[in-house]
Amino acid sequence: MRKFQKGFSLVELIMYLAIIGSLVGVVVGMFVSFNRLRVKSESQTELAQNARSAVERLRQEIVKATSVASPSAGSTDVALQLNMSGGNLTCFQISSGILQMAEGAATCASYNPITSSKVSVTNSDIFTRIDNTSAKSTIQIKLSFTYNNRAEYGYTTQTTAGLR
């Protein structure tokens with residue numbers, strides 16, 4: 001008569017562990033890959049939203065302005081000052097990589113952020129004033145953004161807006 005032993009042999013146990021280890025490795029690899037894609041997607045979405053809202057706000061204020069105080073004709077600057085009706089100024093500047101705006105006063109003193117703190121404006125040729133002799137001023141806007149100062153998450157936009 002034969003005796004039957006209960007349990008697993010060492011070879012069977014090693015094979016089971018190898019199979020389970022391989023499956024866990026595949027699942028962890030997929031999780032890491034999906035997480036990287038999610039972070040990249042979120043950063044690109046935030047960059048695009050910040051760019052769209054910043055450019056739209058700039059365009060709206062430029063169209064409402066009566067004249068451009070600075071930059072001077074043909075020059076480029078990181079700050080923009082617009083003369084509005086009623087003698088008030090609307091100003092835009094870059095401070096620590098954040099696009100800021102001040103409005104409704106005779107001087108620009110109290111700035112509020114337009115872009116989020118996760119998004120940095122990185123270029124130094126943001127506002128270029130283009131003047132034509134027979135037309136009102138036009139401002140060329142170039143904005144380069146990075147997300148959390150990571151160059152691989154970058155976004156650049158360029159547009160022009162004219163006074164009416």
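Predicted model: local features only at pLDDT ≥ 70, side-chain atom pairs only at ≥ 80, totals over all residues.

Side chains of opposite charge can pair when their charged atoms come close. With a cut-off of 4 Å between a side-chain nitrogen of Lys or Arg and a carboxyl oxygen of Asp or Glu, the count is eight salt bridges.

Arginine 57 takes part in a salt bridge with glutamate 61, where the closest N and O atoms are 3.4 Å apart. Both residues belong to helix 1 (residues 10-64) and are four residues apart, about one turn of the helix. Their exposure can be compared with the limits for burial: buried means under 20% relative accessible area. Glutamate 61, at 3%, is therefore buried, whereas arginine 57 is partly exposed at 29%.

Arginine 57 also forms a salt bridge with glutamate 103, the closest N and O atoms being 3.2 Å apart. Because arginine 57 lies in helix 1 and glutamate 103 in strand 5 (residues 98-105), this pair ties together parts that are 46 residues apart in sequence. Glutamate 103 is partly exposed, with a relative accessible area of 47%.

Another salt bridge joins the side chains of lysine 142 and aspartate 125, at 3.1 Å from N to O. This pair links distant parts of the chain, 17 residues apart: lysine 142 is in strand 9 (residues 138-147), and aspartate 125 is in the loop between strand 7 (119-121) and strand 8 (127-130). Lysine 142 is partly exposed at 25% relative accessible area, and aspartate 125 is partly exposed at 29%.

Finally, salt bridges with shared partners connect Arg57, Glu61, Lys64 and Glu103 in one network.

How values were computed:
Residues numbered from 1 in each chain as written. Heavy atoms only, no water. Helix = DSSP H or I, 4+ residues; strand = E, 2+ residues; numbered from the N terminus. Buried < 20%, exposed > 50% of the residue type's maximum accessible area, 1.4 Å probe, protein only.
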